[in-house]
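Thanks for coming, everyone. Please bring the structure up on your screens. I will walk through it briefly.

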Amino acid sequence: MNNNRFRYPGIRPFHTDESDRFFGRDNDIERLWRLIRLEQVVILYGRSGFGKSSLLAAGIYPKLAADQRYRFWEVRFGPYRPEAPRPPADTLLNQMTPGPAGDPGPFPAADFGAGLWQTLKNRQGEHKKFILFFDQFEELFSYPPAQILAFKQQLAEALYTAVPEAVAEAALSPAQEKALNEPFELKVVFSIRADRMSQLKTLEDYLPNLLRHGYPLDALDEQQARAAIVEPAALTTLPGEPGFATPRFAYTPEALDAILQALRDEASGRYAASALQIVCRHVERHILPGLPAGPGPATVTAGDLGELSSIFRNFYDSTLRELSPEDCAAACRLCEDVLIKDGARVPYAAQALLGVPGVHQALLDRLAATSLLRGERAEQGRLLYEVGHDTLVGPIQEAAKARREQEEKERLQREAEDQRRQKEKAQAATRRAWLITLGAIALAAWALYQTWAATQSENRAEKARREALVLAESARAAQGRAEASQLRAGEAEKAARDSADYARTQAAEAIKAQAIADEALRRANDNAAVAVRVLLSQARQQVVDLDYAAAAVTLHAAARLEQDRPAVARGLLEIAFFQAETGGLYEARARAAAAARLLGSAAAAEQIAGARLADGPAARNTLLAAIQALAPDYYRDSLLTRYYPFMLPVQGGAFVPGCIKPGETGDECDSAYVVTLSDYRLARTETTVWQYNLYCAARGLGIAQRIGPEGDTLNDFAPSWGWKGNHPVVYVNWYDAAEYANWLSERMGLARAYEIRKDEEDKTNESSSDQYKWTVRPLPGPGFRLPTEAEWEWAARGGIRRDTFRYAGSDTLDLVGWYYGNSKSHSWPVAAQRANGLGFFDLSGNVWEWCGDWKGAYPSGPRINPVGAPSGAGRVLRGGSWYDSLGYCQVSVRNYNDPDVRSISNGFRLSQGY
């Protein structure tokens, strides 16, 4: 259990170990517990967000654990995934923990099959009463009909069959007969959304009377809501128990009334548990830390709460950030343009919403699961969706207004850009017309000259023709004499040819036989060479896809064909380099030795194969030195530059940030703010997936895994186009980039550039939604770090070259960057476009790049090596991305985001001081 416990879990359900904080549902717990003990099959149903999963986990499961008469399991199927299908019946058996080690039970699967009945029978040595809880049971109905049929057959057999046919027909031992005569008791609890209850009827052919015993879970009444708000805040920790993350506190009556008034549903007079948890979680994590310390518990007042709409705006924004870009855009249109009209929630039928561009059923289900939407059945049976609560209306309208203003601004920018292009096209057409006119005049003059020259040439040609006739007559006489001499020479030549024919015939036969043999050998070599080229191409793609194990197999297959040995050896050396850098020393040794043999260095292969691997760091250095010795140029120019950032020196200088071009003005341009920078170094490209994956693998993580705010949880992220090694890494927040920079400094033998304290909240962090708030302090020295905003912009503008381009390297973004107009909705390999004048790639477009600074207004006077605002609510992002329009990719544009945000369009590149 995590000792850093919060009193309110927020939008997620309560866990079983959080039962001490689960208030307001005492009556529901007792009534449902009584129904489960009395009935064999129970249906728990209610709207999304009312707390069904919490009621089971924090209310029912602790009772069962204390009772100890029942063995129970919680089963979750998850939605059906065609790419990794697992039938529900298999999921059920896999989620039931196995019996005692080495004891298969009286009905082993090898003899009687691996069914639910057999599984329960084999557990009777421990219990005779079992309960299966199927949470979010509506997920079952996303599976194919054949798999649903197999599941309900298994469940019906366990519920209603004393002895299955396969067991009844078998010859049983006395022990099996005894076990058969000791029946077990099985109960089943289905938890399902109220709007999906009708789907349970499809199970009644095998599970009769399924709907007889249901327990409806309603929203909280006022008394329950007050308990759910007040009681967790007042909890104290008993001796020996893990402490809470926050001290005990209280609400004033006015604050409590303000929350209840804001969250009350006008139609029912009740309170959705999810909306209540959103507010209480915000109070605990963002308001409570800012209250003054005193001798007693802190007290939250109505004034401390501020506008509750801002809480829900943060919830709305954070929910959208969790979606893919396509789903985020669709969800914005759905909530802001469809489901809210004239300041009120408007319910829509699901079928109608599926016609909104980009909206699909999985998106509706996900938004309902987060309580941003709620769905319910109308009297006619139609499924209707609406915004989850009235408190969300204002925040969503604010977001809609901001989005429309931004869209209008972008539209005006696009129109201005189009007008500029049209003007340039008109000017170009005018210039072409003048050039054509001048060309026509020149052609006319040339034609007159050619006419005169042709007349002179014709006169000279006639004179030459008469002279040629006289010469031709003399030539014919000479030819007759030559032909007589040639006849005599031909007779002598024929005799010589006849004597050489036999020798040539014999030589031709020998050459033909040799040619046949050579052709057979050539074809064999050509086929092997083609196969090796195909295998090398496949291995390179596997490395791009980060599948190093598969690439190693492919390269060893290529090595056996004895073709293009240097290229195959280089491939194996790359695998060895990656494995040595990430701790796979034994695998790295085998790959490096194989590469040495392909390069004809038997001594090096023997030396590598005999290398001692007991001392990890020393063994790593030994293997890397061996790889470098085998292919020094390839090691230096390919491996190091692929897996570590290639740093380019940047000469310092002075400039005015924010101006698009010299003399122009903009929102951030102030000629009084002159920045002077010292020399520094900056990565030639954005940090790639290859580079970040090396770091992840060295820490025992996958490329998709990211550390959670507590520092010990893992979350998976993956772009829709997949992880490609030569693309810039995405889904990295500011803290991820800082931790990578520290790791890289240590790997390169440098002191860390940051002191990162995960247990200390950053007082300079003014964000209301950052869940991390780790304290990150910069340290002096040449370690790797994120560039300052000024360093980033100076490099993007060409440094001392002082380029005047709108984008980094050109006024035409298509030449130097990837944006929405050319990206085809995904990132691209780094360095695929043209570099700017200093040799840097992708400073405009591809992905936004984190900088070290807090976002703040530019100072009013000159600065030397500025590091940004002393505090702020967001960290600076620069450069634009594949997802953005032209305007966002200009070198002058500033963007920012909460430091904990992981986005599909955010990455970073590193910097170093001297």
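First, a term. Helices (H or I, at least four residues) and strands (E, at least two) are DSSP runs, numbered from the N terminus. With that in hand, look at V867. V867 sits in the loop between β23 (863-864) and β24 (875-878).

Now the ground rules. This is a predicted model: local features need pLDDT of at least 70, side-chain atom pairs count only at pLDDT 80 or more, and totals for chains, interfaces and linings use all residues. Residues are numbered from 1 along each chain as its sequence is written, and side-chain values use heavy atoms, with hydrogens and water left out.

Back to V867. Is V867 buried or exposed? V867 is exposed, at a relative accessible area of 58%. For the cut-offs: buried means under 20% relative accessible area, exposed over 50%, and partly exposed in between, with a 1.4 Å probe and protein chains only. What does V867 touch, not counting residues up to four places away in sequence? T788 and D853. Contact here means heavy atoms within 4.5 Å. V867 and D853 are 14 residues apart in sequence, and their C-alpha atoms are 5.8 Å apart in space.

Next, the overall picture. The protein has 27 helices and 27 strands. Of its 914 residues, 46% are buried. Take contacts between residues at least 6 apart in sequence: 74% of them join residues at least 24 apart. The protein exposes about 44700 Å², and carbon and sulfur atoms supply 53% of that area. Accessible areas come from the Shrake-Rupley method with a 1.4 Å probe; for residues, only the protein chains shown count as cover.

On to a helix pair. Two packed helices are described by the angle between their axes and the distance between the axes. Our pair is α11 (residues 273-287) and α13 (residues 308-321). Their axes come within 10 Å and cross at roughly 100°. Axes are lines fitted to C-alpha atoms, for helices over the stretch in contact, and angles run from 0 to 180 degrees between N-to-C directions. So α11 and α13 are roughly perpendicular to each other. The scale is this: under 35 degrees counts as roughly parallel, over 145 as roughly antiparallel, 65 to 115 as roughly perpendicular, and the rest as oblique.

Which residues meet there? From α11, we have A275, I278, V279 and H282. From α13, we have L308, I311, F312, N314 and F315. By class, this contact of α11 with α13 has seven nonpolar, two polar and no charged residues. Ala, Val, Leu, Ile, Met, Phe, Trp, Tyr, Cys and Pro count as nonpolar, Asp, Glu, Lys and Arg as charged, and the others, Gly among them, as polar.

Now α14, residues 325-338. At 1.5 Å a residue, its 14 residues should span 20 Å. The end C-alpha atoms are 19 Å apart, which agrees. The expected span is 1.5 Å times one less than the number of residues. Buried residues of α14 include D327 and E336, along with C332 and C335.

Two backbone notes. Q136 is not a glycine, yet its phi is positive, about 50°. Q136 belongs to the loop between β3 (129-134) and α6 (145-160), and is partly exposed at 28% relative accessible area. A831 also has a positive phi in a residue other than glycine, near 65°. A831 lies in the loop between α27 and β22 and is partly exposed at 35%.

That loop, between α27 (813-816) and β22 (848-854), also holds N836. N836 is buried, with a relative accessible area of 6%. Leaving aside neighbours within four places in sequence, its contacts include A795, A796 and L843.

W792 is in helix α26 (residues 789-796), with a relative accessible area of 0%. Not counting residues up to four places away in sequence, W792 touches P787, L843, E849, C851, R878, G879 and V891. W792 and S911 are 119 residues apart in sequence, but 8.9 Å apart C-alpha to C-alpha.

H727 is in the loop between β18 (714-716) and α25 (734-747). H727 is buried at 10%. H727 and H826 are 99 residues apart in sequence and 9.8 Å apart in space, C-alpha to C-alpha.
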